[in-house]
Amino acid sequence: MTDTTEKKRSAPKPSRLRIGRRYRPSRLEGPYDALVIGSGIGGLTTAAMLSATGKKVLVLEQHYTAGGYTHAYDRNGYEWDVGVHYIGDVGQHPTMTRKIFDFISGHQLHWAPMDEIYDRICIGEEQFDLRAGRQNFIDELTKHFPNERENIERYLGRLNEVAKSMQRLALEKLLPSWCTPLARLWRKLRDPSWLNKTTREVLGEITQNEKLISVLTGQWGDNGMTPAESSFIIHALIAKHYLYGGYYPVGGASKISETIIPQIQASGGEVFTYATVETVLLDGNHVRGVRMSDGTEIEAPLVISGAGVFNTFEKLLPQSASERLGYTRDLKTVNRSMSHLCLYIGLEKTAEELQLPKTNYWLYTSDNYEKDMQEFLQDSSKDIPLTYISFPSAKDPTFTQRYPGRATIEIVAPANYDWFTQWHEKPWGKRGDDYEALKEAFSQRLLEHLYKHFPHMRGQIDYYELSTPLSTDYFCFYPQGEIYGLDHDPNRFEQSWLRPQTRLKGLYLTGQDVMSCGVAGAMISGVLTAQSILGWRQGAKLMRQVFTSKPEQKGNNEAEGLSKATG
């Protein structure tokens, strides 16, 4: 997902890390029971769940590798993830997230724990740690806010209440659309009144300590909206997700799609890359398949789009159909999420030699998140308000086996797509000196943030390259470079049309726009989509399989050995 900016500015070479099988019309082996557009975690999850019931599913991915935001790429002797910076709820305790990952990967996806301090919030010159475990979390923050223990406990209580409310919201998305008004009324009667207020509003009801509010919301970059704009729902989902620590896939982010694909192939399905869908084919008010960019038509009674609602209803579905079904109107009720920059860094020493942590760093210029963000997006010369630093090679215990003597760092920051629109029509890797100069300027600014907290990194960097919103557009087909699909403001969670089943028979949605952003959120959406397709009886039977499945003895021993090796 990157354009290249390196010291010598050589022409970028495509990544060699490829997951999936290259599409060719001659390789189609229909008929298929379902077609999935996009191989993000939502699409892969839906495909794997349907495949577990014996359905033959074909996944069509326009990129050169499968995985969506869970894919990884290599270049110049290094490997980076593009979106899997850390995952929560996948430790040894049997959470739904862990159970689903185990099931769709055939128990072949393993996780390495990060440091006990999974996130470090740096506000100006102050530093606050988020420590894994409920009591550890409370005790650590109480060191800084000794009079706020009771309020911190109240805050954690509200996180749990949101989790219960989301079960009701998920149920509402599975019910027939004619049940929605009644289901919504039932949910409103059960949900707390503060549930879908803004994050800052809800925390303001808990504590008057503005610094504590800033620390508790220090992960807001995980959803792309500042506390005054985001719904407390998304804040609570993210904060609770990581409360018991962060984890990283052993073997790198690409292991996610690599381990899921065999489950899809087991029932005769496949995951094709370089497979661009041009349009969804209709027969009246039913889908009948898709037409590829090469003109090939692939028929199936079910089409599942993981391409996001804007792509689905503005590009893939004929405009006349989108207007007739009301989706052109519906799209006006939601907004695209934040764009971003990401600096990918390579170093010719190991993470251990460089003393790189397994902790993520969140760097803020001040605790006035809204003001700082607004000023930066209006004027790129202003201080970068949020800088997130991740150390993937330190998190993956097998990294040095694949890349001996090397390490990687990633730095993420917000961006405005408008800063780059003048180069939109130019091809990747050939956008000209002005574009490269702008990227180089941003790269140097981001490196200075790294050096401030890790001064020993200065002079150690062997290679770096910067991705911009144009990279997200080019590789992931998000036209404004949006990283989280839709904005997660309170209005978004009031949209009853954001559900798996569409108004077009046979067309379903999956991925982060259905439920929420993030790998786990998109994966849960994938499960809901599969259940919506299968119906209550078959869906319930499948979920029983998910919660009772166990690895084969060999895989279990491997997992136990790996667990011991990674602590």
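Biologist: Which way do Asn-360, Trp-362 and Tyr-364 point from E16, and which way do Tyr-361 and Leu-363?

Modeller: In this predicted model, Asn-360, Trp-362 and Tyr-364 point one way from E16, while Tyr-361 and Leu-363 point the other way, and all are buried. Side chains of a regular strand alternate between the two faces of the sheet.

Biologist: What makes strand E16 (residues 360–364) mostly covered?

Modeller: Five of the five residues of E16 are buried. A residue counts as buried when its relative accessible area is under 20%.

Biologist: Which strands does E16 pair with, and how do you know that they pair?

Modeller: Strand pairing takes at least two bridges. Strand E7 (residues 117–123) is joined to E16 by five bridges, and the two run parallel, with Asp-119 opposite Asn-360 in E16. E16 and E17 are linked by four bridges in the antiparallel sense, and there Tyr-364 has Leu-386 as its bridge partner.

Biologist: Why is the pairing in the seven-stranded open sheet called mixed?

Modeller: The order of that sheet is E8-E7-E16-E17-E18-E15-E19. Strands of a sheet can pair either way, through backbone hydrogen bonds.

Biologist: What makes strand E8 (126–131) and strand E19 (461–467) the edge strands?

Modeller: Each of them pairs on one side only. On average, neighbouring strands of this sheet are turned by 15 degrees against each other, direction ignored. Helix H18 (residues 469–476) packs on the sheet and touches strand E15 (339–347), E18 and E19.

Biologist: Which residues of H3 are buried, and what do they pack against?

Modeller: Phe-137, Ile-138, Glu-140, Leu-141 and Thr-142 are buried in H3. The buried residues of H3 pack against E7, E8, H4 and helix H7 (210–216).

Biologist: How do the axes of helix H3 (residues 134–144) and helix H4 (residues 149–174) cross?

Modeller: Those axes come within 10 Å and cross at roughly 145 degrees, and the crossing is right-handed. Among the residues that meet are Phe-137 and Leu-141 in H3 and Tyr-155 and Leu-156 in H4. The residues of this contact divide into six nonpolar, two polar and four charged.

Biologist: Which residues have the most contacts inside the largest nonpolar core?

Modeller: That core has 66 residues, and the ones with the most contacts inside it are Tyr-118, Phe-137, Tyr-155, Val-162, Phe-232 and Tyr-364. H4 gives the most to this core, with nine residues. Nonpolar side chains tend to be buried together in soluble globular proteins.

Biologist: Why is Asn-76 called partly exposed?

Modeller: Its relative accessibility is 44%. Buried would need under 20% and exposed over 50%, so Asn-76 falls in between. Asn-76 is in the loop between strand E4 (72–75) and strand E5 (78–81), and its phi is near 60 degrees, a positive value in a residue other than glycine.

Biologist: Is Asp-89 buried or exposed, and how do you know that?

Modeller: Asp-89 has a relative accessible area of 17%. That is under 20%, so Asp-89 is buried. Asp-89 also has a positive phi, about 60 degrees, although it is not a glycine. Most residues other than glycine have a negative phi.

Terms used
Residues numbered from 1 in each chain as written. Predicted model: local features only at pLDDT ≥ 70, side-chain atom pairs only at ≥ 80, totals over all residues. Heavy atoms only, no water. Axes fitted to C-alpha atoms, helices over the stretch in contact; angles between N-to-C directions. Left-handed = near helix turned anticlockwise from the far one by under 90°. Contact = heavy atoms within 4.5 Å. Nonpolar A, V, L, I, M, F, W, Y, C, P; charged D, E, K, R; others polar. Core = buried A, V, L, I, M, F, W, Y, C linked by side-chain atoms within 4.5 Å. Buried < 20%, exposed > 50% of the residue type's maximum accessible area, 1.4 Å probe, protein only.
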